[in-house]
Amino acid sequence: MSTLALLGGAPIRKNPFPEYVTIGEEERQAALDVLNGTVLSSFLATWSDKFYGGPRVQTLERAWEAHFGVKHAISVNSATSGLYAAVGAAGISPGDEVIVSPYTMSASATAAVVYGGVPVFADIDPETYCISPETIRQRLSPRTRAIIVVDIFGHPADMGKIMRLAEERGIVVIEDSAQAPGATLDGSPAGTLGHMGVFSLNYHKTIHCGEGGVVVTNDDRLAERLQLIRNHAEVVVKNKGVEDITNMVGFNYRMTEIEAAIAAEQLKKLDGLVARRREVADQLKAALFGLPAILLPQVKPGVEHGWYLFVMRYDATAAGGLSRETFVEAVKAEGVPLVAGYVEPIYLEPMYQRRTAFGRQGFPFSLADASVSYDKGLCPVTERMHYEDVIFTNICHSQTTGEDVADFAAAIRKVLENAADLKERDAARSQA
Ligand SMILES: *Cc1c(COP(=O)(O)O)cnc(C)c1O
């Protein structure tokens, strides 16, 4: 038995894990080409050939359409902007209910609030961490107008069934695929499975251009509305001859030429980067196999996972009662990256707890039906996952070597084998 690093022993790992770097010579050259040409953006908020932006923006969009097999790709300056534009394009009005996951980056739900919509949180599936047809069904009401489904951690949601459910009722589905570029469900790319899909190109995602995003749709009318919201809709609708001006309030969500040039190079690398993530995920699963305290990530039939994060569930009972927090602290002390929980269930944030977003009258929550709750206990699976079960690492990427995987697994195994030492420490502490 070796002494745990947390108790003064030598850590398994001394040097840091490799950073995820996807920017190379191709991106540098593409950015320089833009600078040499001096046109850094050519959007104009008028109904003219400049309405759709500059050559790099349009090249990226055509490449994105070809890659994902969709009719329209609309670049934006972030996935947050993309989600906001998608909710606007969907025609959400104040008081409309929008069903969304509570276990996601906050913007997935805030997008509804921005249009006066009322987020209604549906619980997650404990294997995929996505909202499911069953949990959505429990939250449907006559006021439900949209569902924002998140392909969280890179695993596509059960979109076939969700789309059937939504289409029966005329509900718009927005797929937040910020974490799932390159994932597929029954051979179709994640992000293309809803009425609109949103990708992120921010620095933390699988591919990036610093900040950026892309919205995709096969619907011509939604595409036009997205393009208008991106670029000052209100001053364009008259000359463009747009009849339905609902939510045609414009923003500046436009992407620059440098970002578009970089993003186009990143898109070429996407498949290779995701393939590498799959290899690392397989290595991690093999290295961690057979540990009763660690439930490995589940992948549903027909799914190719995007492996944005490698998410496991910790079973404290199987670890002899060692708490998740102490387990994670001890693994981190061994020099390997591991995190307990993901994000606090969104409805527990102050905006929902105090039902205050815009102004002093509690808009839009003042419009909510009495049945809409943000109380603790609302989504018990999400709460259990976040506060008790979920642990994850961000090492599931192209830079990670076999040695890194071996160190990761060795640290996990070492802590579990020496769990009794930590329990003694925790017991002594709680007595003190
Ligand atoms: C990162 C992320 C976003 C927001 O992306 P930005 O491009 O940073 O605005 C939205 N949803 C999910 C699930 C994300 O992970």
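**Notes on the model**

1. In helix α3, the buried residues are A79, S81, G82, L83, Y84, A85, A86, V87, G88 and A89, where buried means under 20% relative accessible area, exposed over 50% and partly exposed in between, with a 1.4 Å probe and protein chains only as cover. The helix is thus described as mostly covered, with 10 of its 11 residues buried. Helices here are DSSP runs of H or I with at least four residues, strands are runs of E with at least two, and both are numbered from the N terminus.

2. On provenance, this is a predicted model, in which local features need pLDDT of at least 70 and side-chain atom pairs count only at pLDDT 80 or more, whereas totals for chains, interfaces and linings use all residues. Residues are numbered from 1 along each chain as its sequence is written, and side-chain values use heavy atoms, with hydrogens and water left out.

3. Just after the helix, G91 takes a positive phi of about 85°.

4. Which helix gives the most to the shell around the ligand? That helix is α3 (residues 79-89), with three residues. Of the 15 residues around the ligand, T80, D176, S200, N202 and K205 come nearest, a residue being near if one of its heavy atoms lies within 4 Å. The shell divides into five nonpolar, eight polar and two charged residues; Ala, Val, Leu, Ile, Met, Phe, Trp, Tyr, Cys and Pro count as nonpolar, Asp, Glu, Lys and Arg as charged, and the others, Gly among them, as polar.

5. Taken alone the ligand exposes 380 Å², of which the protein buries 93%, with accessible areas taken from the Shrake-Rupley method with a 1.4 Å probe.

6. Strand β1 (residues 72-76) has five of its five residues buried, with H72, I74 and V76 on one side and A73 and S75 on the other. Its antiparallel pairing with β9 (residues 213-217) runs over five bridges, and V76 has G213 as its bridge partner; two strands pair if DSSP finds at least two bridges between them.

7. In β2 (residues 97-100), E97 and I99 point one way and V98 and V100 the other, and all are buried. The pairing of β2 with β3 is parallel, over four bridges, and E97 is partnered by V118.

8. C130 sits in the loop between β3 (118-121) and α5 (133-139), and is buried at a relative accessible area of 1%. Apart from neighbours within four places in sequence, its contacts (heavy atoms within 4.5 Å) include D123, V150, H155 and P156.

9. Four strands form an open antiparallel sheet in the order β10-β12-β14-β13, with β10 (294-295) and β13 (339-340) as edge strands that each pair on one side only. The antiparallel pairing of β13 with β14 (residues 390-393) has two bridges, and V339 is partnered by F392.
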